[in-house]
Structures are given as C-alpha cells and as structure tokens.
Amino acid sequence: MRWLTLYARSRQIPASLAAVVISAVAVWALARDGGGGPGDPRLPVLVLATGAMAVSIGLSGQDLALDRTAAIRWVPRRAAHVLLCGAVVGTVLLTVQAMGEDMATTAFVVRDSAGLMGLVALGAVLSGGQYAWTLPFAWLSFSFFAPPPTSAPTQVASWMLLPPGTAAGTWTALVLAVAGTAAYAVAGPRR
C-alpha cells in the first residue's frame, strides 16, 4: 500500500483530483444558471476536457532513473494509469450531475472521457507529460469553432460534441482511446 501512496504523490494525483472536482463543480454551477441549455454538449465536454488536461501532468514521473528502478513492469502500470484517470474524470462528472442538473448521458460521458484520455496519452508520448494537455486543448478548441458536422471529416473533427450513438463520434473516440493508451503504455512519455 505504501508504494501506491508514493506513486500517487509522485504523479501529483491529489492535486489533479482536486482540479478535476473543482472544475466539475464550477461547470455544474454554471449549468444551474441555465448557461448552456438542456442538451448542449459544450459544458459536459468542457468538464471532461478540463479533467483530462488536469490529470495529464501525472503521465510523467519526476525522475527517469527512479522510474526505471521499479519492480513492476511499466506497460501495465501506464495502461492502468490512463484507464483509471479516464474513469475518475467521467465518474466525477456523473457524480456532480447526479446532484441536480442533468448535463449529459452516461454513454456520452464514457465515450468522451475515453477519447480525451487517449488524446492526453498521445500528447504525453509526443511532447511529454508537462505538455500532454496541448493535444486535447487544441482539438477541443477546434471542435468548438468547426463548421457544422455534415460530412464525415467534420464529424471526426467534432466528435466530442456529437450525440452518443453517432458512429463517427464513437469510432473516433475508440480509436483515440486505444491508440493513445497503447502508445503511452509501450513508449511512455517523451523525455
């Protein structure tokens, strides 16, 4: 159990969890004011993206030499870290919305949480843990200002905002989740 506590502290999990909860509560308060309207996916996507970006800092360790001395193989640990972070980010949103304002369906939250964590993991592989947040931030920014999703490329570009059950949104999130988690588990963060 001690190794788990040390691992959580080295990956800045307590601070990341606090940021995830604070952002979810802040957006929940905005939703209570009627800021987005019912069925508007922008607020829940903002919560999920903010949560994924907050936990991204934990995708790289403090010391490369210390990480290499671990007795447990890194591939399963890295994969579990990404999957657990995605589950926590999604659960926080579902818990906050259970307190009153219904912002998104469970299918929407699961799909977007998985896809965003895949993007964060890809960001860690490409640019390191400290800049892993840039990839989901850029994609989220683009999807907010992208043209209406009428063709397949625009649906892929705005997958985060599509209703659950949309094939392009589901497949894009699935590919991002699998590719990002696999790349991060095998290669680890960029040094």
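The largest nonpolar core of this predicted model comprises 39 residues, where a core is a set of buried (under 20% relative accessible area, 1.4 Å probe, protein chains only) Ala, Val, Leu, Ile, Met, Phe, Trp, Tyr and Cys residues joined through side-chain atoms within 4.5 Å. L116, M117, W159, M160 and Y184 have the most contacts inside this core. At least two of its residues come from each of α2 (13–32), α3 (42–55), α5, α6 and α9; helices are DSSP runs of H or I with at least four residues, numbered from the N terminus.

**Contacts**
- Beyond its neighbours within four places in sequence, L116 is in contact (heavy atoms within 4.5 Å) with L48, A49, A52, P136, W159 and M160.
- S158 sits in the loop between α8 (152–157) and α9 and is buried, at 4% relative accessible area.
- S158 touches S143 and P149, residues up to four places away in sequence being left out of the count.

**Accessible positions**
- G100 belongs to the loop between α5 (74–98) and α6 (106–127) and counts as exposed because its relative accessible area is 54%, the threshold being over 50%.
- L174, in helix α9 (residues 167–187), is partly exposed at 41% relative accessibility.

**Basis of the values**
- Residues are numbered from 1 along each chain as its sequence is written, and side-chain values use heavy atoms, without hydrogens or water.
- Local features need pLDDT of at least 70 and side-chain atom pairs count only at pLDDT 80 or more, whereas totals for chains, interfaces and linings use all residues.
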